[in-house]
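Please have the sequence and the model open side by side while reading. The text goes from the overall layout to the sheets and then to the contact between the chains.

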Amino acid sequence: MIVGSQKPFPELWEMVQGFKKVLVLGCNTCVAICHAGGGKEAEIIAAMLRMKAAEDGVALETDHDAVQRQCEPEYFDPLMEKLRGYDLVISTACGVGVNFLSKLIGATPVYPGVNTSFYGAVPAAGVFVELCAGCGNCILHLTGGICPIARCSKSLMNGPCGGTDKGKCEVSKDIDCAWYLIVERMKELGTLARLGEIQPPRNWATARDGGPKRIVLEHIADLEEAEAKK
Amino acid sequence: MKKLLATLGIDPDRLEMFNLSAAMGPRWAQICTEFVEKMRSFGPTPIHAAKMKQQC
C-alpha cells in the first residue's frame, strides 16, 4: 500500500492562511491504514484548524469528509458539488489523490495534508516499511524476493557495498543491508548460485528516469468509451 | 492526541483516557471528580481565553 505521514500542523496552518472555508477530505484506503489521512484523521485536522483559528481570533470555517478512494472518479461523484462550495480542499490522500482531485474539481485549489512516503507493508501495528520502489521492471525472482532497489540505500544491483556491517547498512543501524538479506534468503532457498549469473545493465527507463508512466488496457478502455457514447 | 494538543499550545494533561467497565460506577465518579478539580486548577484553555478576549 501507499504509506504517508501527516504534515506537521504548523505547515497545514500556513496553508489555510487567507482562506475562509476549508474542507479536509480524507481517503479511506491506504492512508487510513497508516493513520495519516483517513476520515478520522481528516476530522482531527479540521478540529485542530478550528481550535487554532479560535485561539488566534481568525475567521475560519472548517469541515471534514472522506471518500473510499481518491484515485477513482466515481467516488467523488456524490460529493463534487459540495467540494466546490469551499475556498480550499485539503486532501489527506496520497499525492495521487491530490493530483487527481485537482484535475476533477475545477477552480477550487486542492492542497496536500499528507507527505506521501513509499510503497510499504505493515509488519506490526504502527510499523510501516518500504518494500517496493515501483520501478516498472521487477527482478524479485532473481533476488530471493527482496528488492535491492527499494531496500538497499544505494539501490545497488550487484551485491553489497563496503558499508555493509554485520547485516546492517552504513546509513543507519536500523536499516538491514538488503544484499545481506538477499544472500541469506537465497542460501535458504538453495538458489545462491543464481547470483553468479551475469545480468545485463538495467533499463531504468521503466522507472522515474523514463518520465511519467501510463498503462492503458485497451480491451477495458474501449468498452468504457463505447458505453459512454451510448 | 496529546502531542497534537501540545502543538496548539494546549496542555496535554487536559486529556486523559481511562479504561473502565460498566460495573465500575464508583471509580468512574471518582475519576470525574478528580479530573474536574484538576481542570479547575488549570484554568481556562487558551481557546476559551481568546474567545473571552474577543468578546470584550
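What follows is a walk through a predicted model.

Begin with the division of chain A. Chain A falls into domain 1, residues 2-118, and domain 2, residues 135-230. Between the C-alpha centres of domain 1 of chain A and domain 2 of chain A there are 32 Å.

Next come the sheets of chain A. One of them is an open sheet of four strands, paired in parallel and arranged in the order 3-2-4-5. At its edges stand strand 3 (61-67) and strand 5 (110-112) of chain A; each has a single partner strand, so one side of each has no neighbour in the sheet. From one strand to the next, the twist averages 25°.

The pairings of this sheet can be followed strand by strand. Strand 2 (residues 21-27) of chain A runs parallel to strand 3 of chain A, and seven bridges join the two. Within that pairing, G26(A) has A66(A) in strand 3 of chain A as its bridge partner. Helix 3 of chain A packs on the sheet and touches strand 2, strand 3 and strand 4 (88-91) of chain A. The direction of helix 3 of chain A makes about 175° with that of strand 3 of chain A. Helix 5 (residues 95-105) of chain A also packs on the sheet, where it touches strand 2, strand 4 and strand 5 of chain A. Here the direction of helix 5 of chain A makes about 175° with that of strand 5 of chain A.

Two further pairings complete the order. Strand 2 of chain A is joined to strand 4 of chain A by four bridges, and these two strands run parallel. V22(A) stands opposite L88(A), which belongs to strand 4 of chain A. Strand 4 of chain A in turn runs parallel to strand 5 of chain A, with three bridges between them. In this pairing I90(A) stands opposite Y111(A) of strand 5 of chain A.

Chain A also has an open sheet of three strands, in the order 1-6-7, with antiparallel pairing. Strand 1 (2-6) and strand 7 (127-132) of chain A are its edge strands, and each pairs on one side only. On average, and with direction ignored, neighbouring strands of this sheet are turned by 70° against each other. Strand 6 (residues 114-124) of chain A and strand 7 of chain A run antiparallel and are joined by four bridges. The bridge partner of Y119(A) in strand 7 of chain A is C132(A).

Now turn to chain B. How many residues of chain B are in contact with chain A? Nine residues of chain B meet eight residues of chain A. On the chain B side, helix 1 (2-7) and helix 3 (46-55) each supply at least two of the residues that touch chain A. Helix 3 of chain B gives the largest share of that side, five residues. Sorted by class, the side of chain B that touches chain A has five nonpolar, three polar and one charged residues.

Helix 3 of chain B also packs with a helix of the other chain. Its partner is helix 3 (residues 39-56) of chain A; the axes are 7 Å apart and the angle is about 45°. Because of that angle, helix 3 of chain A is oblique to helix 3 of chain B. The crossing of the two helices is left-handed. From helix 3 of chain A, M51(A), A54(A) and E55(A) take part, and they meet P46(B), I47(B), A50(B) and K51(B) in helix 3 of chain B. By class, this contact between the two helices has five nonpolar, no polar and two charged residues.

Key: Residues are numbered from 1 along each chain as its sequence is written. Chains are lettered from A and ligands numbered from 1 in the order in which they are written. This is a predicted model: local features need pLDDT of at least 70, side-chain atom pairs count only at pLDDT 80 or more; totals for chains, interfaces and linings use all residues. Domain bounds come from an automatic or database domain assignment. Two residues are in contact if their C-beta atoms, placed from the backbone, lie within 7 Å. Ala, Val, Leu, Ile, Met, Phe, Trp, Tyr, Cys and Pro count as nonpolar, Asp, Glu, Lys and Arg as charged, and the others, Gly among them, as polar. Axes are lines fitted to C-alpha atoms, for helices over the stretch in contact, and angles run from 0 to 180 degrees between N-to-C directions. Angles under 35 degrees count as roughly parallel, over 145 as roughly antiparallel, 65 to 115 as roughly perpendicular and the rest as oblique. A crossing is left-handed if the near helix is turned anticlockwise from the far one by less than a right angle, and right-handed if clockwise. Two strands pair if DSSP finds at least two bridges between them.
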